[in-house]
Amino acid sequence: MSKAMEEPNSKSRKESILIKYAVSSRLLVLFLTVLWRSLLQPYDTSASLNPPCLHHKEGVAEASPPPLLVANNNSVSKTLENSVVWDSVYFLRITECGYEYEQTYAFLPLLPFFISLLSRTVFAPLVPLIGLRAVMVLSGYLVSNFAFVFAAIYLFRVSVIILKDTEASFRASVIFCFNPASIFYTSIYSESLYALFSIGGVYHLLSGASNVAVLWFALSGCARSNGILNAGYICFQTMHRAYEAFYLKRRVCLAVQVLVTGFLRCVCICLPFVAFQAYGYYNICHGHKLDEMRPWCKGKVPLLYNFIQSHYWGVGFLRYFQFKQLPNFLLASPILSLAVCSIVSYMKARPELFVSLGFQATEKEKSSSARLYSLKDAHETDVRTSSNEGNRDIRQRKPSRKKDVTVTNEAMKSNSPETSGYFSADVFPFVVHLGLMAATAFFIMHVQVATRFLSASPPLYWFASHLIASPKHSKWGYLIWSYCAAYILLGTLLFSNFYPFT
């Protein structure tokens with residue numbers, strides 16, 4: 001009874017400490033950004049330029065109170081506005097003026113929406129003091145940093161459910177707090193919101209709140225386009241539940257219900273992204289003659305996002321495989337190497353899961369608290385605190401029949417080091433998701449973006465946590481922390497001064 005009461009207290013204490021780590025990491029990144037910015041001259045100083053919106057009306061400008069014009073020149077306003085670099089310029093422009101140009105549709109609307117909401121409500125009293133654009137910058141920083149803190153909390157909660165090890169979950173979450181893409185989680189970028197709604201959606205899915213998870217996954221697709229890949233978790237769960245209903249329970253109606261429900265949930269996750277593409281089509285293509293239309297408007301499937309990525313940024317299969325891009329491949333090599341090692345290690349430990357798409361997981365694994373495999377409402381399993389605790393149920397009775405021996409062997413296998421923690425069956429769908437993301441980053445995208453593109457993938461931190469805790473891989477702990485520290489320093493130095501980073 002005391003142990004049962006200690007576990008929630010232990011997790012609560014770890015969560016409180018984690019919040020301190022998350023806040024401290026954001027303050028550290030902000031301090032380094034300000035430090036490098038004050039010591040070095042930015043490569044490009046044009047980001048602070050803010051021409052009027054295309055729909056700007058002269059009458060509005062004349063009606064603006066003179067104090068605003070004066071306030072915009074003060075030091076606070078200038079400091080905030082000068083900190084806006086790279087894609088942050090696009091997000092702020094969209095917040096202020098909407099989607100004016102075709103290429104701006106590459107930036108999804110969730111972050112601009114939250115910035116606009118805060119700047120026009122909570123921080124509206126600050127507009128006469130420092131100006132609207134500076135207030136939007138402040139709002140953007142707060143949205144990103146608060147979202148990051150909550151993302152770290154959700155990662156810890158997901159990790160506890162999946163790994164069933166509080167210490168390993170805490171290590172993984174701390175690594176996330178100081179991840180190599182930290183500068184993007186502190187700046188006005190969509191990484192923090194994507195991580196929050198992706199990882200938070202996973203948490204709700206594992207907790208049994210599937211409809212809430214669908215909403216969170218849909219919001220992740222409003223932050224970044226790869227959010228629609230989170231529908232894969234629903235597909236995986238639906239596949240296994242339908243199999244159980246049809247083949248094991250012989251209930252055809254239940255199987256059909258599971259499949260229809262899963263399909264509708266996937267549609268709901270993808271719907272916001274599709275709706276945004278339709279919005280772009282309406283604004284750019286609707287009402288124009290055929291010869292006046294943009295090329296993508298005439299396509300059988302007029303997908304604006306793909307056209308922008310290909311036309312404006314040269315994104316495409318193997319298009320980045322050029323000798324001059326070798327430095328960028330080297331920049332992305334640490335995160336890609338960690339991703340490949342985590343996937344290969346899992347494949348070697350659990351090859352039967354890859355061959356069978358998870359169907360060869362043991363019965364105990366399928367009925368785990370993660371709710372990914374079984375139709376049954378999962379029962380809460382104890383979080384592991386010692387290596388012997390997992391075998392408690394095996395010692396309770398002696399196997400007297402052949403069937404009992406098989407069940408016991410499966411239970412022992414599911415609690416062995418090779419199939420527990422990072423190598424448990426619950427991790428399998430996350431490893432597949434990471435594999436798809438890593439392949440996309442390497443073969444299709446600008447490869448240097450992989451550092452931040454993969455930074456919200458939980459398996460990376462679970463595997464890193466596993467390596468750090470493993471006695472035979474002790475040197476990996478030093479390498480992983482050195483990598484994170486180096487990229488935090490490098491990222492704050494280069495990114496904040498408008499030099500290319502990732």
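Predicted model: local features only at pLDDT ≥ 70, side-chain atom pairs only at ≥ 80, totals over all residues.
Helices here are DSSP runs of at least four residues, numbered from the N terminus.

**Exercise 1. Where is tryptophan 296 placed, and is it buried or exposed?**

*Solution.* 
- Step 1: Start with the helices. Tryptophan 296 sits in the loop between helix H14 (252-284) and helix H15 (304-313).
- Step 2: Check the accessibility. Tryptophan 296 has a relative accessible area of 5%, and buried means under 20%, so tryptophan 296 is buried.
- Step 3: Look at its surroundings. Setting aside neighbours within four places in sequence, tryptophan 296 is in contact with residues including Gly280, Tyr281, Ile284, Pro302 and Phe307.
- Step 4: Find a polar partner. The side chains of tryptophan 296 and glutamate 102 are joined by a polar contact of 2.9 Å.

**Exercise 2. Find helix H11 and decide whether histidine 204 is buried or exposed.**

*Solution.* 
- Step 1: Histidine 204 belongs to helix H11, which spans residues 191-206.
- Step 2: Histidine 204 counts as buried because its relative accessibility is 15%, and the cut-off for buried is under 20%.
- Step 3: Not counting residues up to four places away in sequence, histidine 204 touches Tyr154, Ala209, Ser210, Val212, Ala213 and Trp216.

**Exercise 3. Which residues have the most contacts inside the largest nonpolar core?**

*Solution.* 
- Step 1: The largest nonpolar core has 134 residues, and Ile162, Phe176, Leu454 and Trp462 have the most contacts inside it.
- Step 2: Helix H8 (residues 132-163) gives the largest share of this core, with 20 residues.
- Step 3: Zoom in on phenylalanine 176. Beyond residues up to four places away in sequence, phenylalanine 176 touches Phe148, Ala151, Ala152, Leu155, Tyr185, Ala195, Ser455 and Tyr461.
- Step 4: Another core, of five residues, lies apart from the largest one; Ala242, Leu254, Ala255 and Val258 are among its members.

**Exercise 4. Which helix gives the largest share of the nonpolar surface patch?**

*Solution.* 
- Step 1: Helix H13 (231-248) and H14 each supply at least two residues of the patch, and the largest share, six residues, comes from H14.
- Step 2: Take leucine 248, found in helix H13. Leucine 248 counts as exposed because its relative accessibility is 55%, and exposed means over 50%.

Note on methods
Residues numbered from 1 in each chain as written. Heavy atoms only, no water. Core = buried A, V, L, I, M, F, W, Y, C linked by side-chain atoms within 4.5 Å. Buried < 20%, exposed > 50% of the residue type's maximum accessible area, 1.4 Å probe, protein only. Contact = heavy atoms within 4.5 Å. Polar contact = N/O pair within 3.5 Å; in protein donor to acceptor, adjacent residues only side chain to side chain.
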